[in-house]
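Have the structure open as you read.

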Amino acid sequence: MGRERRHLWVAITGLAMAGYLVVPDHPALNGWLVTGYKTVFGCVAGGALVAGALARRPRALAGWLIFGVGIIANSLGALISDVYTKALGQVGYPNIADLFWLTLYPSLFLGLAVLIRARGTARDWASMVDALILACGLGLLSWVFLMVPVRSDHTLHTIGQVIVLAYPVGDIMVLVMLLHLVLSGGVRNASFWLVCSSMGLFLAGDLSWATLSQLSLVPSDFTSRLLDLIFLLAYTTFAFAAWHPSMGALSRLGTVKPPRLTLLQLALLTAATMIAPTVLAFQVAHGEVTNGVAIVIGSVASFSLVVARMTQLVRQVERQADELTALARRDPLTGLPNRRAWFDDLPDALARSARGAEPVTVAMLDLDHFKAYNDGHGHQAGDQLLKGAASAWSGELRAVDHLARYGGEEFIVFLPGTGADRAAEAIERLRAVTPSGQTFSAGLAVWDGLETSDELIGRADRALYAAKANGRNRTELSGETSASVDIGASR
């Protein structure tokens, strides 16, 4: 729908809703014109919603069709009620029309479930728990101020009480799914906010009628029509959401947000958890606790959900800490362990070798003339050389060997169970697979069983500098040890 057509839609529906306020209610018509006006308006809006969904065929097509069915059924409720009471002369409340009105709630619930699933956020447990916390508090208010009075109304038979109670229960179910949609991840475009606005209008309309009913207020004809306008606006807003250009993107797969809390969410959740103690304090102040069981259940449910939410946050913090630890120990360019990881792990590796009385060799590698290569070929090529060398060398080492990036163009290798000769052979295998025709210098140091890890690395580093001083592209073996041992020559 183009911008001009959207503006025309808004103008026509605005005039239609304004016209509802001035539709004559002549006694001879017995209210049929007003009822017919509402019914036609709702059916047209529901039909437009279905047509828009079929025209665009989004991922959540089934959800939009369910929305349309619910709106059409709900708009038919007034007509069915008038037929039942005026044409057939039946009396009594509730009646068969309530089945049509109540169809709206499972339709909105299921439609939202389909939409959330299509957006890939159905497993966003954090937003679901937040929604349940809010709904738990509001549900307690609904029970105390709306449901308990209905249960105490002895003028209604059991089925009648069940039907009347189904309205606030349906509102709570829809509210949970709406909060889940709003709090979870995914696209938030114009169609998204139109859908949320329509849902909010339905809930506001129900709350308005329920409040008047509990206060035993009979609205005037004009007030009643103003309240009806809330539902008419909800109908047309939903239809407009189906025809808006952003409707197709609304069902696009989103990402599940981490279970963090914004200040607004924290404030809302705090307010929701305070509802139960506030209700209790209110009743204590009035000298009688009439809803003790409901308050206890609400308090326990809220506390359990808050614990579940805190558990999610703690686990998220733990995962982030693990991820940060892993990132802090890994070189981002080559993917190898970095210098920090090397210094953390080497003392334990030496201790294990000492217990097994195994020889251990450490090798320091330095790519020859890397600065010249980097300057001549560019930094990107230099990075590719480092990544290529790390990958090629890793493929030539044993599973028990450890290769790390020491810094810049320097690498370090830990070779357990390996003496000087075998270590020199391993280094030559690495030299043969060094990419881009490049060479490296290497320094070897065999652990004497007594020196510290820093002393061992220092000897390997001095041997590396000796290899570079002696012409590069060669391997030098350190002969300096803190103990008198015969380590031989590497070649």
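## Cysteines

Cys136 is buried, at a relative accessible area of 18%, where buried means under 20%, exposed over 50% and partly exposed in between (1.4 Å probe, protein chains only). Cys43, at 25% relative accessibility, is partly exposed. Counting pairs of cysteine sulfur atoms within 2.5 Å as disulfides, the total is zero.

This is a predicted model, in which local features need pLDDT of at least 70 and side-chain atom pairs count only at pLDDT 80 or more, while totals for chains, interfaces and linings use all residues. Residues are numbered from 1 along each chain as its sequence is written, and side-chain values use heavy atoms, leaving out hydrogens and water.

## Salt bridges across the chain

There are 11 salt bridges, each a side-chain nitrogen of Lys or Arg within 4 Å of a carboxyl oxygen of Asp or Glu. One of them joins Lys38 and Asp228 at 3.4 Å, N to O. This pair links distant parts of the chain, with Lys38 in helix H2 and Asp228 in helix H9, 190 residues apart. Helices here are DSSP runs (H or I, at least four residues), as are strands (E, at least two), numbered from the N terminus. Asp228 is buried, at 11% relative accessibility.

Lys468 and Asp366 also meet in a salt bridge, at 4.0 Å, N to O. Lys468 lies in helix H18 and Asp366 in strand S1, 102 residues apart. Asp366 is buried too, at 4%.

Lys371 and Asp375 form a salt bridge, with their closest N and O atoms 3.0 Å apart. Both lie in helix H15, four residues apart, about one turn of the helix. Lys371 is exposed at 60% relative accessibility, and Asp375 is exposed at 52%.
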